[in-house]
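Colleague: Thanks for making time for this one. Could you walk me through the model, starting at the surface?

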Amino acid sequence: MDTQNSEKAAVKIQSWWRGNMVRRTLLHAALRAWVIQCWWRSMQAKMLEQRRRLALRLYTCQEWAVVKVQAQVRMWQARRRFLQARHAACIIQSHWRWHTSQTRGLIRGRYEVKASRLELDIEILLT
């Protein structure tokens, strides 16, 4: 009976040892899996940040392109309005010059200041 008890005790010790070894192996495997998961989450966060920065950079480039196009269009419109106004001014000036050349006359006159009155004698001659 002694051998049977010692065999049972040996089996219990062996099963306890194997249980400890299995638990330790599982714990190490779980810790390694946890480390890998933490690393993977940090890599995903970095990749997400890189994608976010790239999207922000692309959006900024597109916005600047839109602003530049708008500025060019506004400049073109302002220049066109300026050229139209300048052309209109040139036409008005040429018409005014023609009109003044057609109606230009010779103005002769004399004036005298006597006491507190001014006497004017104006004669307009058209040529």
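This is a predicted model: local features need pLDDT of at least 70, side-chain atom pairs count only at pLDDT 80 or more; totals for chains, interfaces and linings use all residues.

Colleague: Is L31 buried, partly exposed or exposed?

Modeller: L31 sits in helix 1. Buried means under 20% relative accessible area, exposed means over 50%, and partly exposed is in between (1.4 Å probe, protein chains only). L31 has a relative accessible area of 45%, so the label is partly exposed.

Colleague: In what order do the elements run from the N terminus?

Modeller: Helices (H or I, at least four residues) and strands (E, at least two) are DSSP runs, numbered from the N terminus. The protein has one helix and two strands. Their order from the N terminus is α-β-β.

Colleague: Which element has the highest mean pLDDT?

Modeller: pLDDT is the predictor's confidence in each residue, from 0 to 100. The protein averages 86, and 79% of the residues score at least 70. Strand 1 (residues 105-114) has the lowest mean among the elements, 58, whereas the highest, 93, belongs to helix 1 (residues 2-103).

Colleague: How many salt bridges does a search of the whole structure find?

Modeller: Side chains of opposite charge can pair when their charged atoms come close. The rule used here asks for a side-chain nitrogen of Lys or Arg within 4 Å of a carboxyl oxygen of Asp or Glu. E49 and R52 meet at 2.6 Å, N to O, and R53 and E49 meet at 3.2 Å, N to O. Searching the whole structure gives a count of two.

Colleague: Which residues do the salt bridges join into one network?

Modeller: E49 and R52 are three residues apart in helix 1, about one turn of the helix. R53 and E49 are also separated by about one helical turn, because they are four residues apart in helix 1. The salt bridges share partners, and the network consists of E49, R52 and R53.

Colleague: Why does the pair of W16 and W17 count as tilted?

Modeller: Rings of Phe, Tyr and Trp (its six-membered ring) pair if their centres lie within 6.5 Å; planes under 30 degrees apart count as stacked, over 60 as edge-to-face and the rest as tilted. The count comes to two aromatic pairs. The ring centres of W16 and W17 are 6.3 Å apart, and the pair is tilted because the angle between the planes is 45 degrees.

Colleague: What is the centre to centre distance for W39 and W40?

Modeller: W39 and W40 form a tilted aromatic pair, with 45 degrees between the planes. W39 is partly exposed at 49%, and W40 is partly exposed at 42%. Centre to centre, the W39 and W40 rings are separated by 6.1 Å.

Technical notes: Residues are numbered from 1 along each chain as its sequence is written. Side-chain values use heavy atoms; hydrogens and water are left out.
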